[in-house]
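Please keep the sequence and the structure beside you while you go through them.

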Amino acid sequence: MAELGGKGVTAGKIASNVQKKLTRAQEKVLQKLGKADETKDEQFEQCVQNFNKQLSEGTRLQKDLRTYLASVKAMHEASKKLTECLQEVYEPDWPGRDDTNKIAENNDLLWTDFHQKLVDQALLTMDTYLGQFPDIKSRIAKRGRKLVDYDSARHHFEALQTAKKKDETKIAKAEEELVKAQKVFEEMNVDLQEELPSLWNSRVGFYVNTFQSIAGLEENFHKEMSKLNQNLHDVLLGLDKQYSGNAFPVKAQPSDSTPGKANKSPSPPPDGSPITSPETKTVNHELEPSSLEAPGASIPKSPSQPAEAAHAGAEAAGSEVAAGAEASKTEADSGSASSSLPAVVVETFPATVNGTVEGGASSERADMPPGFLFKVQAMHDYTATDSDELQLKAGDVVLVIPFENPEDQDEGWLMGVKESDWIQHKELDQCRGVFPENFTERVQ
């Protein structure tokens, strides 16, 4: 026979293949129409369903594993850039520079080793596991075709046997073809009947080994990475100790779920000014050592001292000092004294009640909100982050008032109402709020 295309494919072979396809197609049509029975093997069909499920799961696992490896590679690159940035900002004269360079080098090696071991112990194993599926899938499909050939040969032989006019020669040939088709089908069927259940059961051990490998590699990687991170922490701690005066304070941000203002820290002003303490600032006016303390003079030291006592003490001190000064002047004019008394500097203080000035400010306090303490002016804009905070613009004047419950006050925060809102509404419930003290400056 002449060969076609020089590939050993003869015309007869092509014709035989075409005839087989036509016969199979005709047989499948008859089976679907119910005019021909089909050999069924429910046990094998179950094995095929398991095979397809196993293939689908393995394909998904392979895809997700590749995604995981891509993520590890991306994390490696991100970590590498981060350590490179640290190396760049770490100045040569800072202590621990050589250590940071070594840590960065080990960090890069650790990521590289982790990625390579994942490829070797997980991905390549995954590829090998899935590599057996295409051949088995092809054999399952071929078995299906041989089953159709077997059914077709069986039906043809049965038809010749039941024909009214029997042709023994055709019957013998049909029987020969049936035996041949049955033998080919059964050989393939037996092999697959053994392989498919074995392959299905192998999935358990494969999944165990794969995820154990990944988990073990991750565990070792994180242990080694933890050591590097601890080393880096120690190096930076040494740097911080040497430059402790330039420490950068990190303040926790408030949480919307936190009740009231508990544990809230004031934000630093935009210009970087230091956060001032919420403690009351007082000026201690002391007399010079050369000054004489007038007998009986009394200056109130407690803001809670009654105003009348403060005025009385101030008047008594003023009278006695004035008398002493007049006597000194008379003695000096007459020349009878050999030396004069040193000048007495008296600093008078207005009486205060609860930390506020009494007297001249009484008319002003009448227009202030209940419990008014003092005024402050906003030096910077402040954007409120909670509903109970004041929104401030630079230049706003705020009237400071006490907290209804002193326990609600946090360090660095004051309660108040903007002066403009108080003048317009005269209503505390709608206008008052808290604000960071370090954004303001006391003006009165």
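1. Strands β5 (residues 374–378) and β6 (residues 397–401) pair in the antiparallel sense, and four bridges join them. Here two strands pair if DSSP finds at least two bridges between them, while helices (H or I, at least four residues) and strands (E, at least two) are DSSP runs, numbered from the N terminus. Within this pairing, Val376 has Val398 of β6 as its bridge partner.

2. Before going further, please note that this is a predicted model, in which local features need pLDDT of at least 70 and side-chain atom pairs count only at pLDDT 80 or more, whereas totals for chains, interfaces and linings use all residues. Residues are numbered from 1 along each chain as its sequence is written, and side-chain values use heavy atoms, with hydrogens and water left out.

3. Strand β5 also runs antiparallel to strand β9 (residues 440–442), to which three bridges join it, and in β9 the bridge partner of Val376 is Arg442. Is β5 mostly covered or uncovered? Strand β5 is mostly covered, since four of its five residues are buried, where buried means under 20% relative accessible area, exposed means over 50%, and partly exposed lies in between (1.4 Å probe, protein chains only).

4. On its other pairing, β6 is joined to strand β7 (residues 413–418) by four bridges, again in the antiparallel sense, and Ile401 stands opposite Met415 in β7. Taken together, five strands form an open sheet with antiparallel pairing, in the order β8-β7-β6-β5-β9. Strands β8 (433–436) and β9 stand at the edges with a single partner strand each, so one side of each is left without a neighbour in the sheet. From one strand to the next, the twist averages 50 degrees.

5. Turning to the helices, two packed helices are described by the angle between their axes and the distance between the axes. The axes of α2 (residues 42–89) and α4 (residues 133–162) come within 12 Å and cross at roughly 150 degrees; axes are lines fitted to C-alpha atoms, for helices over the stretch in contact, and angles run from 0 to 180 degrees between N-to-C directions. This crossing angle makes α2 roughly antiparallel to α4, given that angles under 35 degrees count as roughly parallel, over 145 as roughly antiparallel, 65 to 115 as roughly perpendicular and the rest as oblique.

6. Which residues of α2 meet α4? They are Phe44, Val48, Phe51, Gln54 and Leu55, and they meet Phe133, Ile136, Lys137, Ile140 and Arg143 in α4, where contact means heavy atoms within 4.5 Å. By class, this contact of α2 with α4 has seven nonpolar, one polar and two charged residues (Ala, Val, Leu, Ile, Met, Phe, Trp, Tyr, Cys and Pro count as nonpolar, Asp, Glu, Lys and Arg as charged, and the others, Gly among them, as polar).

7. Helix α2 also packs with helix α5 (residues 168–242), at an angle of about 15 degrees and with the axes 10 Å apart, which makes α2 roughly parallel to α5. The residues of the contact of α2 with α5 divide into 18 nonpolar, six polar and four charged.

8. Finally, the protein as a whole has nine helices and nine strands, and 28% of its 444 residues count as buried.
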